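Here are some notes to read alongside the model.

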Amino acid sequence: MTPSASGNGDGVETAAAALARGDLVILPTETVYGLAADARNSQAVARIFEAKGRPRFNPLIAHVADIDGAHALGRLDQRAERLADAFWPGPLTLVLPLANDCPVCDLARAGLDSVAVRAPAHPMARAVLKAFGAPVAAPSANRSGRPSPTTYADAVAETGSATGAALDGGPCAVGLESTVLALLPGEPARLLRPGGIAREEIEALIGPLLQAGDDARRSPGRLALHYAPEAPVRLNVATPGEDEAFLAFGAGASTGALVLNLSPSGDLREAAANLFAYLRAADRLKPAAIAVAPIPMHGLGEAINDRLARAAGFVG
Ligand code: TXA
Ligand code: MG
């Protein structure tokens, strides 16, 4: 059984002790809930893949408390230092060349000679990382092929039964996974996954980014079909059918029992925070399909449209 904890100091200690035992932990972050394990312990990491029902061993993000923790795992060049300075703790993951003696186990890196590192901003995640004092591997806490959980209840329903502890950190403020950026020696910076930090914010600091495209070698996780609700998803819909659930965006959208507005004021940040929870809510209505209004492509819109394309099955 999973002891749940409300996020008081005891909860943090319980979670850190569970990680040290090699157990899994439901860990709230500002992006989505994570399913966490000691990143050094390959048996614990193997349990993550098992609990998620992941068909393949995709590389996982190693979470650290701060930039010092990142230096122990990967080598940060000037670009990485500048971005870490600006956006950590926060929803940015840097794929870096391995530091000497990087403790993150092979399985968590899927055997790659690079490591994905992130310092999350959620105070509870930070407290656990500080108490544990070592890197924590954590993919989103959903079972494979389902939307990432952005609430405690959704996270526990997905993978809670496999965990030794679960922390309730409230609804996730960002609601979308982190932006994943590769900063490898002799290569231009490459956007592997749009996410909680907008491309424009990164480009303002280090110049234009290359698009990852479908580069399977560098980002194997991009090949998996993620974020798929049960109902089929239709994108860029102006007028939904009567038997369809509708994810609207902006003022003046239609209303009704099957309509959920991602952001009535047209705020992309709010829409990102609501996206996964609303996809789940729409799916629970058992509609013929989930129709989604057009979402602008700027700022967080790039990440929202990426996740919607995956939900619709356009990105295999
Ligand atoms: O917001 C987030 O990033 C959440 C929270 C829990 O931190 N985590 C998350 O993890 O979304 P996950 O496992 O669902 O996504 C990790 C992404 C995958 O697309 C994976 O392929 C990529 O990061 N990745 C990890 N290590 C990599 C590496 N060494 N090279 C290239 N891509 C890597
Ligand atoms: Mg995921």
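1. A word on domains to begin with: their bounds come from an automatic or database domain assignment. For this protein chain, the assignment gives domain 1 as 12–218 and domain 2 as 233–311. Taken over C-alpha atoms, the centres of the two domains are 26 Å apart.

2. Before going further, some ground rules. This is a predicted model, where local features need pLDDT of at least 70 and side-chain atom pairs count only at pLDDT 80 or more, while totals for chains, interfaces and linings use all residues. Residues are numbered from 1 along each chain as its sequence is written, chains are lettered from A and ligands numbered from 1 in the order in which they are written, and side-chain values use heavy atoms, with hydrogens and water left out.

3. How do the domains meet? Counting contact as heavy atoms within 4.5 Å, 26 residues of domain 1 touch 16 residues of domain 2. The buried area (accessible area, 1.4 Å probe, that two parts lose on being put together, summed over both) is about 1,500 Å², with carbon and sulfur atoms giving 50% of it. Look for Pro 147, Leu 176 and Pro 194: they supply 35% of what domain 1 buries against domain 2, more than any other three residues.

4. A salt bridge here is a side-chain nitrogen of Lys or Arg within 4 Å of a carboxyl oxygen of Asp or Glu. There are 15 salt bridges by this rule, and the count between domain 1 and domain 2 is 4. Asp 154 forms a salt bridge with Arg 280, with 3.5 Å between the closest N and O atoms.

5. Which helix gives the largest share of the side of domain 1 that touches domain 2? Helices (H or I, at least four residues) and strands (E, at least two) are DSSP runs, numbered from the N terminus. On that side, α7 (152–159), β10 (190–193) and α8 (199–206) each supply at least two residues. The largest share, 3 residues, comes from α8.

6. There is 1 aromatic pair in the structure. Rings of Phe, Tyr and Trp (its six-membered ring) pair if their centres lie within 6.5 Å; planes under 30 degrees apart are stacked, over 60 edge-to-face, and the rest tilted. Tyr 33 and Tyr 152 make a tilted pair, 6.4 Å centre to centre with 55° between the planes. The pair links distant parts of the chain, 119 residues apart: Tyr 33 is in the loop between β2 (25–27) and β3 (34–38), and Tyr 152 in helix α7.

7. Asp 106 and Arg 109 also form a salt bridge, at 2.8 Å from N to O. They are about one helical turn apart, because they sit 3 residues apart in helix α5 (residues 106–109).

8. Finally, two backbone details. Most residues other than glycine have a negative phi, and most peptide bonds are trans. The bond from Trp 88 to Pro 89 is cis, with omega near -10°, and Pro 89 is in the loop between α4 (78–87) and β5 (92–97). Asp 101, not a glycine, has a positive phi of about 60°; look for Asp 101 in the loop between β5 and α5.
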